[in-house]
Amino acid sequence: MSRAVRILIVAGAIVVVMAAAAVVRQASTSAHAQQPVATSGSGPSSASFDSSITQNAQRLIEEGRRIFRFDTFGDEAFWGDQLRLQQAIVGQKLGGVGPGLSPKMALSVGLKVDAEALPADLVAQIKAGKVDMDDPASTVALLKANAVVGVTAFLNTDGTARSVGIQCALCHSTVDDSFAPGIGRRLDGWPNRDLNVGEIVALAPTLKPFADLLGVDDAGVRKVLKSWGPGRYDAELVQDGKATGPQGRSAATVLPAAFGLAGVNLHTYSGWGSVTYWNAYVANTQMHGKGTFFDPRLNDKGQFPVAAKAGYANVRNKPDLITSKLAALHFYQLAIPAPTPPAGSFDAQAAQRGQAVFEGQAKCASCHVPPLFTEPGWAMHKPEEIGIDDFQAHRSPDKQYRTTPLRGLFTRQKGGFYHDGRFATLDAVLNHYDDHLKLKLTAEQKRDLIEYLKSL
Ligand code: HEC
Ligand code: HEC
């Protein structure tokens with residue numbers, strides 16, 4: 001083949017590739033995340049498909065972020081229409097019931113305010129001290145601005161409320177307090193360890209749907225909700241009906257990190273499944289959104305009597321407001337990196353010595369394999385391997401505990417470590433491992449290890 005002919009063929013191919021890229025661009029701006037991106041007519045062309053991958057990634061992140069922050073999956077039919085939570089939030093004066101939830105009370109139960117969602121005039125009023133933080137009407141103003149993280153109210157123009165729904169961000173985002181304590185920029189994936197989910201749900205005028213499900217009375221449900229405390233939630237209560245664990249302690253777990261999850265195979269403290277498995281589980285069975293969920297493991301009447309009765313093993317709703325969102329939601333969560341600890345929050349030299357202990361004598365890295373800090377593969381362990389009781393493990397199908405990825409540990413200092421927060425400090429965690437694994441760590445090695453853990 002002559003050189004000139006070759007150049008002509010290459011030039012022709014470039015024109016085809018460019019035309020294909022234009023078609024893909026056009027298609028992708030209008031295509032929905034779940035629809036395959038069209039490649040143009042005459043067969044695969046790698047250059048254009050590369051760009052469609054990049055565009056797809058960008059779109060999934062943006063859609064996923066919106067879903068994570070703002071999508072209720074239709075769960076207002078539960079929290080609003082059934083529990084009437086909005087009535088307790090707005091209070092009697094605005095057509096609801098009771099005193100209402102003032103911004104001060106909302107912040108005290110750990111709800112967070114997205115400062116970037118506040119309109120300029122409201123910001124000015126807050127700064128000038130002109131917003132009455134004791135008046136539920138001020139909470140309504142925040143809800144109107146869609147500024148309460150993880151909560152969407154459906155309001156009428158006169159300030160009364162029709163309904164209210166919740167989002168993933170309620171438990172899995174906090175704010176950086178840059179405006180005021182509890183008010184700032186969003187930090188998606190950081191567990192809100194101030195949030196008292198139980199207190200908030202217990203504001204509802206009626207808890208009958210929970211009472212019916214659990215086979216207890218209204219007062220019984222309220223008692224359970226109030227036993228959780230800040231930063232905790234029980235994602236298995238409506239499956240097995242167990243409200244208390246060992247020594248009569250609440251069965252709730254501390255809210256986990258929802259960042260740094262890419263590369264990790266199994267999720268939740270007891271490894272129920274992948275991120276997208278769990279997203280479908282939560283959206284359908286916990287948030288009470290309207291979707292589709294299938295998991296025959298929940299049909300086990302012995303282990304999950306409540307789920308078996310409620311039919312959580314096979315949930316079908318029409319229309320399905322969840323399934324079409326799972327791909328973007330999954331992708332967004334995998335894109336959230338573990339945050340880096342603030343400068344000066346640990347001693348770098350000690351941390352370096354601590355790394356050697358972590359990977360050596362203390363054997364931590366045999367399970368917490370860097371840089372994921374969990375095992376690649378099936379990261380599950382029997383309770384006795386880590387020296388704790390089997391209560392929470394036995395509330396899941398696999399009956400074991402998953403090795404928790406350790407990055408961004410500094411964001412979950414509040415509320416304690418391990419699934420139920422049983423170890424108040426890292427010191428307590430290390431003493432536990434030292435005893436259980438007979439590591440014979442010196443006080444200095446423990447100090448260095450702690451600095452290393454704080455540096456992750
Ligand atoms: C009411 C609070 C709450 C809400 C709302 C909530 N979660 Fe969670 N989430 C939890 C708790 C508690 C766990 C731990 C459950 C366990 O281990 O049994 C958890 C676990 C997770 C995990 C596993 C993290 C890991 O690797 O261990 C992911 C991912 C997650 N949630 C994502 C979501 C998404 C996405 C949504 C919205 C569809 C959502 N959550 C809604 C409380 C909540
Ligand atoms: C046999 C495997 C294994 C070994 C060895 C191991 N861990 Fe763990 N680690 C786990 C499991 C499983 C969990 C989850 C326990 C739970 O949530 O109840 C965990 C949890 C943790 C947590 C709590 C994280 C959180 O967010 O609550 C820390 C911190 C931790 N490990 C540090 C260490 C250190 C330091 C060492 C070495 C001294 C170590 N681990 C050794 C399996 C292991």
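Me: How do the residues of the shell around ligand 1 divide into nonpolar, polar and charged?

Reply: Ala, Val, Leu, Ile, Met, Phe, Trp, Tyr, Cys and Pro count as nonpolar, Asp, Glu, Lys and Arg as charged, and the others, Gly among them, as polar. Here the shell holds 18 nonpolar, seven polar and one charged. This is a predicted model: local features need pLDDT of at least 70, side-chain atom pairs count only at pLDDT 80 or more, and totals for chains, interfaces and linings use all residues. Residues are numbered from 1 along each chain as its sequence is written, while chains are lettered from A and ligands numbered from 1 in the order in which they are written.

Me: Which residues are the closest to ligand 1?

Reply: A residue is near a molecule if its C-beta atom, placed from the backbone, lies within 6 Å of it. Ligand 1 is surrounded by 26 residues, the closest being Cys168, Cys171, His267, Thr268 and Tyr269.

Me: Which element gives the most to this shell?

Reply: Helices (H or I, at least four residues) and strands (E, at least two) are DSSP runs, numbered from the N terminus. H13 gives the most, with five residues.

Me: Where does ligand 1 lie relative to the domains?

Reply: Domain bounds come from an automatic or database domain assignment. Ligand 1 lies between domain 2 (76-206) and domain 3 (207-337), because both give residues to its shell.
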